[in-house]
Amino acid sequence: MKLLELVDISYIYHSLDGETEAIKEVNIGVEEGGFTAIVGPSGSGKTTLLKIMAGLIKPSKGNVVKPDGVRISYMPQHDQLFEWRNILKNVTISAEIEKTDKKAAADYAEELLDKYGLGEFKKKRPSALSGGMRQRAALIRTLVSKPQLTLLDEPFSALDFQTRLYVSDDVWKILSSEKKSCVMVTHDISEAISIADTVVLLTKRPATVKAVYKIGLDRTAPPTVRREQPGFSEYFKTIFSDMEVGDE
Ligand code: ADP
Ligand code: MG
């Protein structure tokens, strides 16, 4: 079953300086249980595409097809944890805004924080957490609403290289043990190959789909292990040579 389908999506930004064509006739289907990485050079239109998937902006052309009842949650490029709220209050913020069952949301949030090593930080402010912990907290916040599909915008880009490796293992472990389907946007080809089963490569702006790759690495292994598997570097070489250089 498809959780989401983009059909002939185009998007144009209008500003005082004129028009920017960001997305052009993009078709992408997101299967339940899958992990899709969307890769493209910087400025190609990845964030725009993810915001369209999240329903935050309406496409200029085309349709977003979503079966009734499919819940989607979106994790923006910067973690946007609020310093004036503690971690528990940060991860339950959408339940407050949406006026859903606050007690149930708080219980589930506590369960996730305990399970993923943030139990003792519930009452701490975001600045007390490391970059990796903040990222886990931001992910838990997107999971509290129990979405079927999570959309992650460059979830590791603010982290240094070493941290990025183990945080991507953490994020993958959380998403797979909570059985979430996922679409992640990144400019990093290795990151995409190591975590996803499908990689969609975008051209530079306006983004069109250049190619779709099925990644045949062991999906039960965490990203750091997949990076060592035979085949990884072949996928890298292929996608790297197909990727266009960005203009920004
Ligand atoms: P990416 O996430 O791949 O780096 P974006 O989706 O953020 O790319 O942006 C795609 C293009 O649209 C870029 O050229 C960017 O400058 C432009 N753009 C993004 N947001 C706006 C906006 N609010 N107004 C005008 N142009 C924008
Ligand atoms: Mg972006």
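Biologist: Which strands does helix α1 (residues 46–54) lie across, and at what angle to β1 does α1 run?

Modeller: In this predicted model, α1 lies across β1, β2 and β4 and runs at about 125° to β1.

Biologist: What makes those strands a sheet, and in what order do they stand?

Modeller: The order is β2-β1-β4, an open sheet of 3 strands with antiparallel pairing. β2 and β4 (61–65) are called edge strands because each of them pairs on one side only. Direction ignored, neighbouring strands of this sheet are turned by 20° against each other on average.

Biologist: How do you know that strand β1 (residues 2–15) and β4 pair?

Modeller: Pairing needs at least two bridges. β1 and β4 have 4 bridges, in the antiparallel sense, so they count as paired. At one of the bridges, Leu6 has Val64 in β4 as its partner.

Biologist: Strand β2 (residues 18–31) holds Glu25. What sets the backbone of Glu25 apart, given that it is not a glycine?

Modeller: Its phi is positive, at about 45°.

Biologist: Is Glu25 buried or exposed, and why?

Modeller: The relative accessible area of Glu25 is 52%. Exposed means over 50%, so Glu25 is exposed.

Biologist: Why does Glu154 count as buried?

Modeller: The limit for buried is under 20%. Glu154 has a relative accessibility of 7%, so the label buried applies.

Biologist: What makes strand β3 (residues 35–39) and strand β7 (residues 181–186) a pair?

Modeller: They share 5 bridges in the parallel sense. The requirement is at least two, so β3 and β7 are paired. Phe35 stands opposite Cys182 in β7.

Biologist: Which peptide bond is cis, and what is its omega?

Modeller: The cis bond joins Arg205 and Pro206, with omega about -10°. Pro206 is in the loop between β8 (198–202) and β9 (209–214).

Biologist: How do the axes of helix α5 (residues 131–143) and helix α6 (residues 161–177) meet?

Modeller: They come within 10 Å and cross at roughly 25°. Angles under 35 degrees count as roughly parallel, so α5 is roughly parallel to α6. The crossing is right-handed.

Biologist: Which residues make the contact of α5 with α6?

Modeller: On α5 they are Gly132, Gln135, Arg136, Leu139 and Leu143, and on α6 they are Thr163, Val167, Asp170, Val171, Ile174 and Leu175.

Biologist: How many residues of that contact are nonpolar, polar and charged?

Modeller: The contact has 6 nonpolar, 3 polar and 2 charged residues.

Technical notes:
Residues are numbered from 1 along each chain as its sequence is written. Chains are lettered from A and ligands numbered from 1 in the order in which they are written. This is a predicted model: local features need pLDDT of at least 70, side-chain atom pairs count only at pLDDT 80 or more; totals for chains, interfaces and linings use all residues. Side-chain values use heavy atoms; hydrogens and water are left out. Axes are lines fitted to C-alpha atoms, for helices over the stretch in contact, and angles run from 0 to 180 degrees between N-to-C directions. Angles under 35 degrees count as roughly parallel, over 145 as roughly antiparallel, 65 to 115 as roughly perpendicular and the rest as oblique. A crossing is left-handed if the near helix is turned anticlockwise from the far one by less than a right angle, and right-handed if clockwise. Contact means heavy atoms within 4.5 Å. Ala, Val, Leu, Ile, Met, Phe, Trp, Tyr, Cys and Pro count as nonpolar, Asp, Glu, Lys and Arg as charged, and the others, Gly among them, as polar. Buried means under 20% relative accessible area, exposed over 50%, partly exposed in between (1.4 Å probe, protein chains only).
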